[in-house]
Amino acid sequence: MTGMFYIMFGNIASGGEFNLPKTKVIIANLDEGGPKFQTSTKNMPGGKQARTMGELVVNVLQSKEMADLIQVSLAPSAESAHAAVDGQAAQVAIVIPADFSKKFADPDKQAIIEFYQDQR
């Protein structure tokens, strides 16, 4: 949501500056990898390496380009990411499943990332 409003209204408010609060995002990257995954560091945010599609997603979300929009933290499990949202330590949890890279590489499968938010 924050990103959408930033794109729509960024820098158009009187005074030239339009500030939105950062969205607190917690990510549980459970991706175990899949077929050989190759990325060029020149195309990666911050020149980072990624061994899995899950790492690629995390690197993009942690990039300096996204830093004005989201504050990212990491969780060791889906349950702890959900608990962070339920306890209001984060606004959104992103859970990248263990088979994300494998399904992403298979044209007959769907690679799905879970987005979890507080329903209050």
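The model is a predicted one, in which local features need pLDDT of at least 70 and side-chain atom pairs count only at pLDDT 80 or more, while totals for chains, interfaces and linings use all residues. Residues are numbered from 1 along each chain as its sequence is written, and side-chain values use heavy atoms, with hydrogens and water left out.

The protein has 4 helices and 4 strands, which follow the pattern α-β-α-β-α-β-α-β along the sequence. Strand β1 is mostly covered, 5 of its 7 residues being buried. With pairing taken to require at least two DSSP bridges between two strands, β1 pairs with β2 in the parallel sense over 5 bridges, and Ile-26 stands opposite Ser-73 in β2. Strands β1 and β3 likewise run parallel and are joined by 5 bridges, with Val-92 of β3 as the bridge partner of Val-25.

In helix α2 (residues 53-61), the buried residues are Met-53, Gly-54, Glu-55, Val-58, Asn-59 and Leu-61, and their cover includes β1 (23-29), β2 (70-74), β3 (92-96) and α4 (100-105). When residues up to four places away in sequence are not counted, the contacts (heavy atoms within 4.5 Å) of Ile-94 are Val-25, Ile-26, Ile-27, Ala-28, Leu-61, Ile-113, Glu-114 and Phe-115.

Rings of Phe, Tyr and Trp (its six-membered ring) were paired if their centres lie within 6.5 Å, with planes under 30 degrees apart counted as stacked, over 60 as edge-to-face and the rest as tilted; by this rule the count comes to 1 aromatic pair. This pair, formed by Phe-100 and Phe-104, is tilted, at 6.3 Å centre to centre and 40° between the planes. The two residues are separated by about one helical turn, because Phe-100 and Phe-104 are 4 residues apart in helix α4. Phe-100 is buried, with a relative accessible area of 5%.

Conventions
Buried < 20%, exposed > 50% of the residue type's maximum accessible area, 1.4 Å probe, protein only.
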